[in-house]
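Dear colleague,

Please find below the structure that I am handing over to you. My notes on it follow, and I would be grateful if you read them with the coordinates open.

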Amino acid sequence: MNTRLKDLYGHVSVYATADREHEAAIELLLLVMMADLHISDAEIAEIRNISEDSGWETDTFSFDQYVGRATATVRDAIEDDGVEALLDSIDERVTNTVLRAALFSAARDVADADHELDDAEQGLLAQIAARFG
């Protein structure tokens, strides 16, 4: 019986963890976009493409459903001088080594999407490289 239950429910925490990790990744990418206090359509489109291309879109997670809440979280962190705490939270939630390794590249793609890389974005990218790169 224990083996059967394990087979039935063995992936539940994996899916829950994956959604948490994808939420954290979206928050990180939005943080990169908002670091220069400017939101561009090109950067939003790049984040959406990353989410879709990476297979994050599932029955339980959708970029379009999460982007509003994530934007509010990131905006609050920026306004309240809580970027470091947000990065700590993201760092704790993303445990998948493949996703961790891909985050810097994805962050760089978002920063480059509007063809403008300012000092704030460069500084944030350096922090992301140190944590995830």
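Arg 131 and Asp 88 form a salt bridge in which the closest N and O atoms are 2.7 Å apart. This pair links distant parts of the chain, since Arg 131 belongs to helix α7 and Asp 88 to helix α5, 43 residues apart. Asp 88 is partly exposed, at a relative accessible area of 32%. Please bear in mind throughout that the model is predicted.

Arg 131 also forms a salt bridge with Glu 84, again with 2.7 Å between the closest N and O atoms. Glu 84 lies in helix α5 and Arg 131 in helix α7, so this pair ties together parts that are 47 residues apart in sequence. With a relative accessibility of 41%, Glu 84 counts as partly exposed. Through shared partners, salt bridges join Glu 84, Asp 88, Asp 91, Arg 100 and Arg 131 into one network.

A further salt bridge brings together the side chains of Asp 64 and Arg 48, at 2.6 Å from N to O. Here Asp 64 is in helix α4 and Arg 48 in helix α3, so the pair ties together parts that are 16 residues apart in sequence. Arg 48 is partly exposed, its relative accessible area being 27%. The count of salt bridges comes to eight.

**Overall arrangement**

The chain holds seven helices and zero strands, and its pattern along the sequence is α-α-α-α-α-α-α. Of its 133 residues, 40% are buried. Among contacts between residues at least 6 apart in sequence, 75% join residues at least 24 apart.

**The nonpolar core**

The largest nonpolar core has 35 residues, and those with the most contacts inside it are Ile 26, Leu 29, Leu 30, Ile 47 and Trp 56. Two or more residues are given to this core by each of α2 (12-34), α3 (41-53), α4, α5 (83-93), α6 (97-112) and α7 (119-132). The most comes from α2, which gives ten residues.

Which residues does Ile 26 contact, leaving aside its neighbours within four places in sequence? They are Ile 47, Ser 51, Trp 56, Phe 61, Phe 63, Tyr 66 and Ala 70.

**Helix α4**

Helix α4 covers residues 63-79, which is 17 residues. From its first C-alpha to its last it reaches 23 Å, close to the 24 Å expected at 1.5 Å a residue. A kink of about 25 degrees is centred on Arg 69.

At the start of α4, a side-chain oxygen of Ser 62 comes to within 3.3 Å of the backbone nitrogen of Asp 64. Asp 64 is the residue that pairs with Arg 48 in the salt bridge described above. After α4 comes Asp 81, which has a positive phi, near 55 degrees.

With kind regards

Methods:
Residues numbered from 1 in each chain as written. Predicted model: local features only at pLDDT ≥ 70, side-chain atom pairs only at ≥ 80, totals over all residues. Heavy atoms only, no water. Helix = DSSP H or I, 4+ residues; strand = E, 2+ residues; numbered from the N terminus. Expected span 1.5 Å × (residues − 1). Bend = angle between axes of the 7 residues up to and from the residue. Polar contact = N/O pair within 3.5 Å; in protein donor to acceptor, adjacent residues only side chain to side chain. Core = buried A, V, L, I, M, F, W, Y, C linked by side-chain atoms within 4.5 Å. Buried < 20%, exposed > 50% of the residue type's maximum accessible area, 1.4 Å probe, protein only. Contact = heavy atoms within 4.5 Å. Salt bridge = Lys/Arg side-chain N within 4 Å of Asp/Glu carboxyl O.
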